[in-house]
Amino acid sequence: MEIENRATQAKGKPNVSDMVYERLRNSIYSGEWKPGERIPSESKICEMMSVSRVSARAAISRLMGQGLVERRQGGGTYIRTCSCPDQFEPMIPYMLSGRADRVSMFEFRKIIEVESIGLAAMRADIGQIDQMQAAYEAMAMAKSDELISRYDMQFHHLIAVATNNPVILRVFEIIQDTYLRPMLDQNVAVMGAYGAVYHEKMIRAVERRDVAQAKRLMEEHINNTIQMTAQLNR
């Protein structure tokens, strides 16, 4: 994910490609665009939303990465007839409906993210570590819940990228907007930028290639979040 520059962060200006992506995704999830239907072209999206071609292309590429749309040679971009998010759809109430269900989702996160940061500590290159640092700093500087949540998500996405494991990254990208983003939004609403403290510690562990410490910090981070969320929701 692209990290916005500091001036943009300070002003709280939304990322245009994110907004385009969310509008396109909502058109798919709401049923406005049906499976097998062709979506508007890049130029049409630019016209409809008053955005640049770069933003439109980035949003469509993100939808393709999540398996929601596919490009056909010489024929445009179409809604896939069967997508992984549709298969995950029955799980959505588990995350949103109550505290016990949220704990189940946190346990799922531990399975994925504790091992992911262990791999990141072994495999991340300097550029990937720098991106994690930028996401951490942006989250720490953010002045709104929306921005805190955005950079929180970016940080966790960058860990998945740094595993250099395409399967882990694919799973993360499939579930991030359907499950993880709403979960992080709710966490931030009650805890603010608390997670940034752990993010910085995890970056230092990754820099040192300290696999055990990185995994311990991620597990502790998720466990503490479970406890704090449970206490605040009593």
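The model is a predicted one, in which local features need pLDDT of at least 70 and side-chain atom pairs count only at pLDDT 80 or more, while totals for chains, interfaces and linings use all residues. Residues are numbered from 1 along each chain as its sequence is written, and side-chain values use heavy atoms, with hydrogens and water left out.

The secondary structure comprises 12 helices and two strands, where helices (H or I, at least four residues) and strands (E, at least two) are DSSP runs numbered from the N terminus. Along the sequence these elements follow the order α-α-α-α-β-β-α-α-α-α-α-α-α-α. Of the 234 residues in the chain, 47% are buried; here buried denotes under 20% relative accessible area, exposed over 50%, and partly exposed the range in between, for a 1.4 Å probe and protein chains only.

The largest nonpolar core contains 31 residues, and those with the most contacts inside it are Ile117, Met132, Phe155, Ile159, Met202 and Met218. Such a core is a set of buried Ala, Val, Leu, Ile, Met, Phe, Trp, Tyr and Cys residues joined through side-chain atoms within 4.5 Å. Two or more residues are given to this core by each of helix H7 (99-123), helix H8 (126-141), helix H9 (145-162), helix H11 (195-207) and helix H12 (211-232), and the largest share, seven residues, comes from H9. When residues up to four places away in sequence are not counted, Met202 touches Ile117, Phe155, Ala214, Leu217, Met218 and His221. A second, separate core of 17 residues includes Met49, Ile60, Val69 and Ile79.

Helix H11, to which Met202 belongs, has among its buried residues Gly195, Ala196, Tyr198, His199, Ile203, Ala205 and Val206, together with Met202 itself. The 13 residues of H11 should span 18 Å at 1.5 Å a residue, and its end C-alpha atoms are 19 Å apart, which agrees; the expected span is taken as 1.5 Å times one less than the number of residues in the helix. Just after H11, Arg209 takes a positive phi of about 60°.

His221, in helix H12, counts as buried because its relative accessible area is 5%. Leaving aside neighbours within four places in sequence, His221 is in contact with His156, Gly195, Tyr198, His199 and Met202. His221 and Val197, which are 24 residues apart in sequence, have C-alpha atoms 9.3 Å apart in space. In helix H8, Ala138 is likewise assigned as buried, because its relative accessibility is 1%.

Most residues other than glycine have a negative phi, and most peptide bonds are trans. Ser50, a residue other than glycine, has a positive phi near 55° and lies in the loop between helix H3 (42-49) and helix H4 (53-65); Ser50 counts as exposed because its relative accessibility is 68%. Asn164, which is not a glycine either, has a positive phi of about 55° and is placed in the loop between H9 and helix H10 (166-191). With a relative accessible area of 46%, Asn164 is partly exposed.

Within strand E2 (residues 76-79), Thr77 is buried, since its relative accessible area is 8%. Apart from neighbours within four places in sequence, Thr77 is in contact with Glu37, Arg38, Ile39, Ile60, Val69, Glu70 and Arg71. The side chains of Thr77 and Arg71 make a polar contact at 3.5 Å, a polar contact being a pair of N or O atoms within 3.5 Å; within protein, one of the atoms must be able to donate a hydrogen and the other to accept it, and residues adjacent in sequence count only if both atoms are side-chain atoms.

Arginine side chains are also placed over tyrosine rings. Arg62 lies over the face of Tyr21, at 3.8 Å from the ring centre, and the charged end of Arg72 sits over the ring of Tyr78, 4.0 Å from its centre. The criterion is that NZ of Lys or CZ of Arg is within 6 Å of the ring centre and within 35 degrees of the ring normal.

Conventions. Contact = heavy atoms within 4.5 Å.
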